[in-house]
Amino acid sequence: MVVRENFELQLKELQEKIVRLANLASGAISKSYAALENNNVDDALEVIDDDTIADLLEEEINDFAILLIAKQQPVAIDLRRIIAAIKIASDIERMADFGVNIAKSAIRIGDQPFILPLTPLRQMHDITLKMIELSIEAFEKEDVVLSREIIEMDDEVDRFYGEMIRSLLRLSDEKNLQQVTQLSLIARYLERTADHTTNIAENIYFLVRGRYIGRNE
Amino acid sequence: MNMTLMRENESPANGFENVESVPFSEKVYETSNLNLWYGENHALKNINLDMHQNEVTAIIGPSGCGKSTYIKTLNRMIELVPDVKTTGQIKYRNRNILDQSYKVEDLRTQVGMVFQKPNPFPKSIYDNVVYGPRIHGIKNKKVLDEIVEKSLKGAAIWDEVKDRLHENAYGLSGGQQQRLCIARCLAIEPDVILMDEPTSALDPISTLKIEELVQELKKDFSIIIVTHNMQQAARISDRTAFFLNGEVIEYSDTNTIFSNPNDKRTEDYITGRFG
């Protein structure tokens with residue numbers, strides 16, 4: 001018999017809100033990146049406009065979590081679930097902001113032809129989105145093995161980031177300055193997004209185990 | 001031992017490894033292999049617990065888990081129940097109190113007890129406090145006055161009653177009565193104070209006052225408290241023992257029990273998933 005059925009339902013609701021926020025952030029990143037590749041200013045503007053939804057949802061999650069703590073007085077794993085939810089929501093909201101940043105950079109680049117193939121950037125984008133997708137799954141299943149895999153994927157993003165930045169710097173001159181700057185920023189935004197996903201994975205680990213990943217292993 | 005492995009595999013026979021994260025202090029009670037039967041009913045099963053000086057030890061667990069039975073063995077009040085049989089040892093300051101040569105009167109001058117329901121005598125506040133000292137032969141009015149003031153101050157009720165010491169204790173509120181009972185307990189200058197759900201009959205503010213008081217008292221006494229209120233155990237105790245079906249499932253420092261217990265059953269209980 002579940003003694004605290006109502007509380008269980010509320011924890012589930014909190015989890016669902018987080019997943020919804022993560023989907024918004026993931027959508028912002030993929031849509032803004034597609035806007036860059038396809039030079040689609042309308043989509044980029046839409047990403048910028050839609051960011052308010054993510055901001056409001058993060059506030060809603062925080063309020064909901066605070067009420068749960070106040071009213072249910074959770075301990076142990078329940079408390080960690082709620083604390084982790086607050087921290088994870090903050091990471092995800094930041095990721096949605098990076099989607100906005102990418103959209104703005106895409107608009108600045110406009111319809112200029114790209115000065116180099118975007119392959120490493122595309123790789124960063126794909127891996128980062130995969131990391132977000134897996135982190136949602138790890139969060140829902142409270143899966144620490146998956147968390148660890150996500151953290152390892154970050155190294156690959158960093159590798160492509162280095163590659164992209166080196167290529168851009170080689171092309172850096174007066175004529176290319178705008179695009180080198182904007183593409184470097186986009187690479188940076190993707191790299192930071194992957195870092196925040198890594199934070200999420202670490203928080204999932206903490207949530208499940210009650211200790212920090214990488215210590216006492 | 002690596003706690004991770006324990007969680008993933010089986011719990012150890014006892015979950016006591018984390019206890020050492022609370023700084024060491026001298027042991028007041030050492031219970032070893034304690035078993036207790038009420039007739040045929042095996043109420044305490046192989047209990048092994050050490051309790052330390054100047055600490056608050058909380059005992060938690062669902063109704064019928066043996067926690068009240070256990071605390072009543074610590075001052076041998078359990079002997080008042082007919083047909084009780086025990087095996088094993090409870091050492092208080094290195095002497096086995098279950099040994100029948102241990103005089104129960106000697107034990108109870110060292111070990112005071114506060115009960116669930118405040119139980120002042122139908123006497124004045126003053127007479128309640130001096131009841132024990134008088135039995136111990138103290139007659140000097142000045143000495144008794146000093147004991148009254150010191151005990152009532154110790155129980156954080158002096159300021160509320162100092163002008164009406166000779167009024168009947170029944171005129172006090174429930175929370176005040178409970179603090180008076182604590183004062184009565186302090187008057188015999190015990191070493192240990194046992195508290196069996198001391199706040200379960202009190203309102204929230206009186207409860208918090210008693211909790212504050214317990215924190216003060218542990219500077220001078222060792223306190224063992226049975227409580228149904230898990231948040232109370234979390235707030236005031238240094239170590240917590242979780243009892244279930246007459247067994248100690250986990251005994252650890254309180255921070256561990258309430259943040260990351262080792263045993264699934266402890267976690268299920270403190271998070272309210274059963275009990």
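Which residue in S4(B) does Asn35(B) stand opposite? Asn35(B) faces Thr87(B) in S4(B). Before going on, the ground rules. This is a predicted model, where local features need pLDDT of at least 70, side-chain atom pairs count only at pLDDT 80 or more, and totals for chains, interfaces and linings use all residues. Residues are numbered from 1 along each chain as its sequence is written, with chains lettered from A and ligands numbered from 1 in the order in which they are written.

Back to the sheet. Helices (H or I, at least four residues) and strands (E, at least two) are DSSP runs, numbered from the N terminus. Strands S1 (residues 27-38) and S4 (residues 84-92) of chain B are antiparallel and share eight bridges; two strands pair if DSSP finds at least two bridges between them. The open sheet has four strands in the order S2-S1-S4-S5 (chain B), with antiparallel pairing. S2 (41-52) and S5 (95-96) of chain B are at the edges with a single partner strand each, so one side of each has no neighbour in the sheet.

Strand S2 of chain B also holds Asn46(B). Its phi is near 50°, positive in a residue other than glycine. Asn46(B) has 16 other C-beta atoms within 10 Å and is therefore partly exposed; the cut-offs are 20 or more for buried, 12 or fewer for exposed, partly exposed in between, with C-beta atoms placed from the backbone.

Glu189(B), not a glycine either, has a positive phi of about 50°. Glu189(B) sits in the loop between H7 and strand S7 (192-196) of chain B.

Next, the cores. A nonpolar core is a set of buried Ala, Val, Leu, Ile, Met, Phe, Trp, Tyr and Cys residues joined through C-beta atoms within 7 Å. In the largest, of 72 residues, Ala183(B), Ile193(B), Leu194(B) and Ile223(B) touch the most other members. Helix H7 (residues 174-186) of chain B contributes most to this core, six residues. Apart from it is another core of 59 residues, including Phe98(A) and Met164(A).

In chain A, helix H6 (residues 177-209) has 33 residues, which at 1.5 Å a residue should span 48 Å; the end C-alpha atoms are 48 Å apart, in agreement. The expected span is 1.5 Å times one less than the number of residues. Just after H6(A), Gly210(A) has a positive phi of about 75°.

Finally, the scores: ipTM is 0.76 and pTM 0.83.
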